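Thanks for coming, everyone. I'd like to walk you through one structure this morning. Please have a look at the screen.

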Amino acid sequence: MRTGRFAGILAVLMFCASLMCSVPVVFGAEISLSYANFPPAKTFPCIQMERWKNEVEKRTGGKVQVQTYPGSTLLGAKNTLRGVMQGQADIGCVSLAYHPGVFPLCSVFELPLGFTSSASASLALWDLYTKYQPKEFRKFKVLTMFTSAPSNIMTKVPVRKLGDLKGLEVRASGILSKILESLGATPVSMPMSATPEALQKGVVKGLFSSFEVLKDLNFAEICRYETETNTAVYPFAIIMNMRSWKALPDDVKKVLDDLGREQAEWTGKYMDEHVNRSLAWAKEKYAIEMIKMSDADMKAIKENTLPLIEDWKKKAADKGIDGAKVLSDVEASRVKYEK
Ligand code: 3IO
């Protein structure tokens with residue numbers, strides 16, 4: 001009968017609908033992890049976060065679900081360390097330069113060491129971390145690490161020679177602020193997430209970071225002059241609350257451990273490619289001017305920043321770290337990964 005068949009189809013449809021509704025309940029994630037990130041969703045720390053989330057969900061067959069919180073919606077740049085320690089988020093993204101003195105070993109990556117890419121620096125940082133397992137991270141499980149691309153000066157006014165930097169307020173963080181200071185600029189330290197407003201209000205005339213923010217944060221609109229220095233990188237750590245980590249089953253722990261180095265490599269490659277895309281975009285859209293300083297100025301930059309390496313070594317020694325050994329290990333990695 002027609003009505004009978006209709007009722008049958010309806011029953012099948014309703015059964016299907018009920019199955020769809022119950023899927024997340026019956027086969028749903030057993031474990032949910034929150035992941036806090038401070039800059040906007042378009043920026044590289046958040047792009048790598050989404051990639052990590054997708055890989056983890058895929059590799060655990062959906063057993064683990066990751067809730068991502070970009071743009072300081074869960075924890076901000078400066079309270080991620082404490083927030084993850086206290087369990088307000090299971091996982092968080094930390095830019096080490098925002099915490100001077102807290103990471104005496106891994107801050108070595110804020111020095112001008114001559115890395116030319118994020119890919120090589122990210123792998124070198126991960127190797128350093130895994131070799132030394134430094135005390136500075138003892139309260140956390142470190143899931144992965146990576147760095148920005150080498151830093152450059154993006155400004156509202158042209159910086160063609162070192163003299164142009166004199167007294168110019170430029171935003172950076174950590175040892176990268178000291179690099180600016182050694183070059184005669186007036187560094188203003190703040191997280192990347194505070195920089196759009198500082199540029200807008202004129203508190204700073206530019207920033208010192210990697211070029212991909214020209215596009216991702218639209219800094220090309222306000223900073224039309226880009227002076228290439230390719231100096232230090234910004235190191236990052238993705239940290240996890242220790243109790244949350246210990247509560248994970250072994251198979252999930254293995255998935256996350258196996259991802260550590262791979263994620264560092266993925267992020268480095270993404271960053272390097274994205275710097276190129278962003279520069280091309282900024283040239284096309286805002287006709288930014290790329291500036292190279294003279295060889296004499298580049299040499300002066302190298303010489304002026306040399307004492308920062310000695311400063312770092314002294315501070316490291318105070319914390320029982322053999323700075324010379326760390327520097328030679330990092331240099332060996334640099335040579336290995338820059339090839
Ligand atoms: C960075 C931080 C947040 C979003 C994009 C970014 N590109 C480079 C960085 C490095 C950094 O931590 C900084 O503050 O410049």
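How far does a polar side-chain atom of serine 95 lie from an oxygen atom of the ligand? The distance is 2.9 Å. Bear in mind that this is a predicted model, and the distance is computed from it.

Then take serine 209. An N or O atom in the side chain of serine 209 is 2.8 Å from an oxygen atom of the ligand. And the cover? Of the 350 Å² of accessible area that the ligand has on its own, the protein covers 100%.

Now the shell. The ligand is surrounded by 16 residues. The closest are Ser95, Tyr98, Arg171, Ser209 and Glu212. By type, the shell has 9 nonpolar residues, 5 polar ones and 2 charged ones. The space that the ligand takes up is the largest cavity.

Let's step back to the whole chain. The protein chain is divided into two parts: domain 1, which is 23–101 + 120–147 + 234–276, and domain 2, which is 152–232 + 284–337. Their C-alpha centres are 25 Å apart. The contact between them takes 23 residues from domain 1 and 24 residues from domain 2.

So where does the ligand lie? Both domain 1 and domain 2 give residues to the shell, so the ligand lies between them.

That's my tour. Over to you.

Key: Residues numbered from 1 in each chain as written. Predicted model: local features only at pLDDT ≥ 70, side-chain atom pairs only at ≥ 80, totals over all residues. Heavy atoms only, no water. Near = heavy atom within 4 Å. Polar contact = N/O pair within 3.5 Å; in protein donor to acceptor, adjacent residues only side chain to side chain. Areas by Shrake-Rupley, 256 points an atom, 1.4 Å probe, with all protein chains shown as cover. 1 Å grid on protein atoms, 1.4 Å probe; cavity = no way out; pocket = protein on both sides within 12 Å on 5 of 7 lines; lining within 4 Å. Sits in = over half its atoms within 2 Å of the grid points. Nonpolar A, V, L, I, M, F, W, Y, C, P; charged D, E, K, R; others polar. Domains from an automatic or database assignment. Contact = heavy atoms within 4.5 Å.
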